[in-house]
Amino acid sequence: MFNYINNCHNTKDFRSLAKKRLPGPIFHYIDGAADDEVTYRRNTESYEQCDLVPNVLAGVENIDMSTTVMGQKIDMPFFLSPTALQRLFHHDGEMAVGRAAEKFGTMFGISSLGTVSIEEIAQQIKTPKLFQLYVHRDKGLNKSMIDRCKESNFDAMALTVDTIVGGNRERDLYTGFTSPPKLTLKSLFSFAMHPSWSLNYFARSKFELSQLKDYVQEGTNISVSVGEYFTKLIDQSMDWKAAEEINKYWGKQFALKGIMSVEDAKRAIDIGATAIIISNHGGRQLDGSRAPFDQLAEIVDAVGDKIDVICEGGIRRGTHVLKALSLGAKACSGGRSYLYALAAGGQKGVEKALTNLYTEIERDMKLMGVTNISQLNRKNIRFR
Ligand SMILES: Cc1cc2nc3c(=O)[nH]c(=O)nc-3n(C[C@H](O)[C@H](O)[C@H](O)COP(=O)(O)O)c2cc1C
């Protein structure tokens with residue numbers, strides 16, 4: 001298996017391997033997006049509408065690609081976005097992803113819909129940790145997640161603001177994807193076709209949504225689609241005042257994840273957030289929403305000197321990271337690029353995906369004639 005992983009030189013290779021290893025409904029849950037998936041495609045395409053302009057003869061033997069984001073010094077300008085249900089993709093789930101992030105000295109995002117507990121992650125993973133909060137209708141649950149993160153000394157929190165209802169992910173409707181997976185004739189067939197995934201899923205410790213299971217049965221003991229989960233359990237009354245109160249109660253580094261407009265970026269500063277993650281949830285929510293990279297320059301111009309701006313979505317190459325940094329992002333993050341690798345080969349897979357990205361960024365910085373990411377700026381980039 002590890003040979004296959006060593007032959008994965010980019011995200012597309014990992015995607016192909018993930019497709020082979022996972023039952024169809026699970027692969028399409030990772031890979032899919034909302035409606036016609038226009039936004040999902042544009043997220044990556046937006047990086048292809050502009051070009052880097054290199055400088056040469058710059059003496060580039062020693063490269064420093066570290067950055068400080070949300071108060072955390074990370075060794076590369078890319079961190080791992082929080083994503084749900086990781087033990088469905090590989091039995092080691094969050095532990096595999098966290099350990100790989102730790103090896104690369106980067107930040108690890110943990111979803112409210114995570115499958116390993118906050119406490120276990122805190123005990124075992126020493127790299128900077130960002131907890132992603134979904135605000136549920138059950139206020140006790142929200143408080144319990146924040147309290148547990150405080151007690152476990154997590155470094156940062158990101159409140160996701162683009163998932164007030166579930167996105168229309170039609171691939172999940174066709175495949176019947178649920179959490180936990182439902183045993184139907186169709187799903188049994190798909191499990192039978194992927195015996196090694198099925199053996200691991202059924203023989204190892206029981207799948208659960210570790211932060212939620214004491215408050216909600218859906219997702220752990222009652223099978224629901226992700227769309228149904230959000231629409232039924234997320235607090236649709238959440239507003240700026242609620243976000244401000246959460247920030248105050250948390251009291252540490254705080255990001256709003258899913259900011260897309262200059263107006264909202266300014267309001268994030270007003271409520272005391274220390275970062276914004278420009279994101280459309282990887283195209284999984286509002287199809288037709290603009291791509292984060294297309295919105296980046298105007299948001300950086302408006303607030304870049306007052307708050308950390310993180311660009312997220314569609315990043316598949318080192319050059320994508322360099323382009324976002326050239327426009328003024330403090331750091332980038334991503335989901336599918338490491339999730340395909342997790343599905344393809346657990347921790348080893350994620351490590352290889354991060355090796356690929358790290359080597360690309362390093363090589364591309366040398367080819368750009370910069371030794372430190374602070375040297376990247378708007379002169380390095382032209383739109384066609
Ligand atoms: C399978 C999957 C699960 C996700 N789960 C969550 C989640 O629980 N919370 C959240 O805020 N974002 C979640 N996201 C969105 C990611 O954090 C991130 O915004 C997105 O993956 C970025 O786009 P990219 O996959 O093109 O890098 C998820 C994304 C994927 C692909």
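**Ligand site and selected residues in a predicted model**

The side chain of Ser 112 reaches the backbone oxygen of Gln 132 at 2.7 Å. This distance falls under the heading of a polar contact, defined as a pair of N or O atoms within 3.5 Å; within protein, one atom must be able to donate a hydrogen and the other to accept it, and residues adjacent in sequence count only if both atoms are side-chain atoms. The structure is a predicted model, in which local features need pLDDT of at least 70 and side-chain atom pairs count only at pLDDT 80 or more, while totals for chains, interfaces and linings use all residues. Residues are numbered from 1 along each chain as its sequence is written, and side-chain values use heavy atoms, with hydrogens and water left out.

A polar atom of the Ser 112 side chain also lies 2.9 Å from the backbone nitrogen of Tyr 134. Ser 112 is located in the loop between strand E5 (108-110) and helix H7 (118-124); helices (H or I, at least four residues) and strands (E, at least two) are DSSP runs, numbered from the N terminus. With a relative accessible area of 0%, Ser 112 is buried. Buried means under 20% relative accessible area, exposed means over 50%, and partly exposed is in between (1.4 Å probe, protein chains only).

A polar backbone atom of Pro 82 is 2.8 Å from a ligand oxygen. For Gly 335, the distance from a polar backbone atom to an oxygen atom of the ligand is 2.9 Å, and for Arg 336 a polar backbone atom is likewise 2.9 Å from a ligand oxygen. Of the 600 Å² of accessible area that the ligand has on its own, the protein covers 99%. Accessible areas come from the Shrake-Rupley method with a 1.4 Å probe; for residues, only the protein chains shown count as cover. The space taken by the ligand is the largest cavity. A cavity is a set of points, on a 1 Å grid over the protein atoms alone, where a 1.4 Å probe fits but cannot get out; a molecule sits in a cavity if more than half of its atoms lie within 2 Å of its grid points.

Most residues other than glycine have a negative phi, and most peptide bonds are trans. The peptide bond from Ser 179 to Pro 180 is cis, with omega near -15°. Pro 180 lies in the loop between helix H9 (170-175) and helix H10 (185-192). Glu 37, which is not a glycine, has a positive phi near 60°. This residue is in the loop between H3 and helix H4 (38-45), and at 12% relative accessibility Glu 37 counts as buried. Leu 85, also not a glycine, has a positive phi of about 60°. The position of Leu 85 is in the loop between strand E4 (78-80) and helix H5 (86-89), where Leu 85 is buried at a relative accessible area of 1%.

Asp 294 belongs to helix H15 (residues 292-303) and counts as buried at 18% relative accessibility. The side chains of Asp 294 and Arg 42 are joined by a polar contact of 2.9 Å. Phe 131, in strand E6 (residues 129-133), is buried at 0% relative accessibility. Phe 131 and Phe 254 are 123 residues apart along the chain, and their C-alpha atoms are separated by 9.7 Å.

Lys 379 lies in the loop between H17 and strand E12 (381-383) and is exposed, with a relative accessible area of 68%. The C-alpha atoms of Lys 379 and Ala 158 are 31 Å apart, and the two residues are 221 residues apart in sequence. Asp 35, in the loop between H3 and H4, is partly exposed at a relative accessible area of 35%. From Asp 35 to Gly 251 the separation is 216 residues in sequence and 37 Å in space, C-alpha to C-alpha.

Key. On a 1 Å grid over the protein atoms alone, a cavity is a set of points where a 1.4 Å probe fits but cannot get out, and a pocket is an open set with protein on both sides within 12 Å along at least five of seven lines; lining residues have an atom within 4 Å of a point.
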